[in-house]
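User: I have a few questions on this model. Please keep the answers brief.

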Amino acid sequence: MTNTFAAANTEVSRSVAASIGLSFAEPVAARPQSSVRPFPCFSENHWRLSVSVPGRVRRVLAMSKKDSDGDLGLTYKDAGVDIEAGTELVRRIAKMAPGIGGFGGLFPLGDSYLVAGTDGVGTKLKLAFETGIHETIGIDLVAMSVNDIVTSGAKPLFFLDYFATSHLDVDLAEKVIKGIVDGCQQSNCALLGGETAEMPDFYKDGEYDLSGFAVGIVKKDSVIDGRNIVTGDVLIGLPSSGVHSNGFSLVRRVLAQSGLSLKDQLPGETIKLGEALMAPTVIYVKQVLDLISKGGVKGIAHITGGGFTDNIPRVFPKGLGAVIYKDSWEVPPVFKWIQQAGRIEDAEMRRTFNMGIGMVLIVNQEVSDRILKEANAAYTAYRIGEIMGEEGVKYL
């Protein structure tokens, strides 16, 4: 849209000429808004439209205020998020765009694939508004996309963002963008550009919305797609920093019911609830690419919306499932508080939250032993389960 003096919407494009090595240049000319979406090309069998699967579609669903029934524990649906509705939407989209379901969309380019992903940070933004913690929400934004595309073995190349608000508060926006820059640096990708949209009367004062888009690259013969996973393979879990960027509709419902505020201490801990819940999402790119470079990684699952139950099976061949050893890692205190305060059942927790594990790698026994041995010195990793010969996820 071309801006005029009478325009109700002011839209500012931010475009940066950047190299892959994170040399951030000065902004170049603004680009006009376009409402036209490229029509997808289905000429290549390996091309997959990047569409969210159950548990990730949830962010675009309506937020209801329905009360939980009686004395039953809270559920994600009580908080206004219907996973089954998301599943149905994806089923319908699959009829129009066959091949969806991966964490990222693959587009052929010579001997490689470009891998693309897009995401937001959901209603974690509500907590950012309430706590005034805006410096790290941009890290969350980058993490949600780059963590998705690295599951294919792709190295992130560049990132684009969308920042929308009713009245542009330059100081606040700078804090948010600084977080995005930090996230790009953590994942070794360039912040290539973005869009700042000022839309009067659309958002409440002091509020904004965010979306992010990442593109990476991987050689065709190096794509990690899970096809070689077999019964007996091992699941290695990499720890999360907390809730990351999913499940916050339920978190906010629990918070309201608990009688506590974000300024109160997390029960039994020294940290405040707001700080614990706003801990930025871990960016796993460098660690995962390092593990991939050493060989033996068969599949990778980013544990986001849908938790363990919905995300881990996404990388399995048909007919396989997983056994999760539920006591094989320490569940962070913030999840224990959420479950107790909301009286949430175990199954609902595992289908909503990451429970302390943000990324899962599937490897054989030998590679598992090597990763766990190296983890003792360099990082933290857990053997959290193994592949079984029937579909589904069981917890022992």
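User: Is Phe202 buried or exposed?

Analyst: This is a predicted model. Phe202 has a relative accessible area of 60%. The cut-off for exposed is over 50%. Phe202 is therefore exposed.

User: How many aromatic pairs are there?

Analyst: Rings count as a pair if their centres lie within 6.5 Å. By this rule the number of aromatic pairs is 5.

User: Is the pair of Phe163 and Tyr208 stacked or edge-to-face?

Analyst: The ring centres of Phe163 and Tyr208 are 5.2 Å apart. Their planes stand at 20°, and planes under 30 degrees apart count as stacked. So the pair is stacked.

User: Which parts does the pair of Phe163 and Tyr208 tie together?

Analyst: The two residues are 45 residues apart in sequence. Phe163 belongs to strand 5 (residues 155–165) and Tyr208 to strand 7 (residues 208–219). The pair therefore ties together strand 5 and strand 7.

User: What type of pair do Phe202 and Tyr203 form?

Analyst: Their ring centres are 5.1 Å apart. The planes are at 70°, and over 60 counts as edge-to-face. So the type is edge-to-face.

User: Are helix 5 and helix 9 oblique or parallel to each other?

Analyst: Helix 5 (residues 248–258) and helix 9 (residues 333–342) pack with their axes 9 Å apart. The angle is about 60°. Angles under 35 degrees would count as roughly parallel, and 65 to 115 as roughly perpendicular. Helix 5 and helix 9 are therefore oblique.

Definitions and conventions:
Residues are numbered from 1 along each chain as its sequence is written. This is a predicted model: local features need pLDDT of at least 70, side-chain atom pairs count only at pLDDT 80 or more; totals for chains, interfaces and linings use all residues. Side-chain values use heavy atoms; hydrogens and water are left out. Axes are lines fitted to C-alpha atoms, for helices over the stretch in contact, and angles run from 0 to 180 degrees between N-to-C directions. Helices (H or I, at least four residues) and strands (E, at least two) are DSSP runs, numbered from the N terminus. Angles under 35 degrees count as roughly parallel, over 145 as roughly antiparallel, 65 to 115 as roughly perpendicular and the rest as oblique. Rings of Phe, Tyr and Trp (its six-membered ring) pair if their centres lie within 6.5 Å; planes under 30 degrees apart count as stacked, over 60 as edge-to-face and the rest as tilted. Buried means under 20% relative accessible area, exposed over 50%, partly exposed in between (1.4 Å probe, protein chains only).
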